[in-house]
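Let's take a friendly walk through this chain, from its overall build to one spot on its surface. Have the sequence and the 3D view at hand as you read.

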Amino acid sequence: MHITAEKIKEAAEALESTELKSFMFQEPTAGPLTRRRRSSRSTGRSRRSTRGTRRSTRGTRRSTRGTRRSTRRSTRRSTRGTRRSTRGTRRSTRGTRRSTRGTRRSTRRSTRRSTRGTRRSTRRSTRRSRRSTRRSRRSRRSTRRSTRRSRRSTRRSRRSTRRSTRRSRRSTRRSRRSTRRSRRSTRRS
């Protein structure tokens, strides 16, 4: 049989498609002691086919190296982007924390002010109510005193009028008695 170039290409493609390719390019181990002698023609053609397969493996290796480099670059870029995004999120969280602290302080101040104002207003209202109650008590006391005084004055006036009426009655009685006595004395004479 004549070995043509097309048959060598087909054999090489078949070897590349199978797992024998990786097995062929391993380090040589101890083979059989008796080796068959091959003709010079077949050895030259086989060398050419092995050179082609070596070149194809070199190309695949180069392509794998390029893919590795590209994947490394893409992973580095993605990690850089994630780091930058995490930095931005950290900064945003810091800003939100600061804003929440400011809002908390402002709410505390406003609540303190409002509580102070309410306390002051309640104190003022209680003071005013106390003053008004004190004034009302004083006015009640003064009215009671005035009513007592008026009652006393009316009682005194009544007593005085009674006394005066008694005195006037007594004086009229005495005058009548004296007139009767004088009449009797004139009659006797």
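Predicted model: local features only at pLDDT ≥ 70, side-chain atom pairs only at ≥ 80, totals over all residues.

The protein chain holds three helices and zero strands, and its elements run α-α-α from the N terminus on.

How confident is the predictor? The mean pLDDT of the protein chain is 80, and 81% of its residues reach 70 or more.

| Element | Residues | Mean pLDDT |
|---|---|---|
| Helix H2 | 20-24 | 62 (lowest) |
| Helix H3 | 40-188 | 84 (highest) |

How much of the protein chain is buried? Of its 189 residues, buried ones make up 2%. The protein chain exposes about 19,900 Å², with carbon and sulfur atoms supplying 44% of that area.

Now to the charges. Which residues gather in a patch of negative charge on the surface? They are Glu 6, Glu 10, Glu 13 and Glu 16. One of them, Glu 6, has its place in helix H1, which covers residues 5-17. Glu 6 counts as exposed because its relative accessible area is 60%, and the cut-off for exposed is over 50%.

Notes
Residues numbered from 1 in each chain as written. Heavy atoms only, no water. Patch = residues over 30% accessible without salt bridge, like charges linked within 9 Å, V, L, I, M, F, W, Y side chains within 5 Å. Areas by Shrake-Rupley, 256 points an atom, 1.4 Å probe, with all protein chains shown as cover. Salt bridge = Lys/Arg side-chain N within 4 Å of Asp/Glu carboxyl O. Lys, Arg positive; Asp, Glu negative; His and termini not counted. Charge placed at Lys NZ, Arg CZ, Asp CG, Glu CD. Helix = DSSP H or I, 4+ residues; strand = E, 2+ residues; numbered from the N terminus. Buried < 20%, exposed > 50% of the residue type's maximum accessible area, 1.4 Å probe, protein only. pLDDT = per-residue confidence, 0-100.
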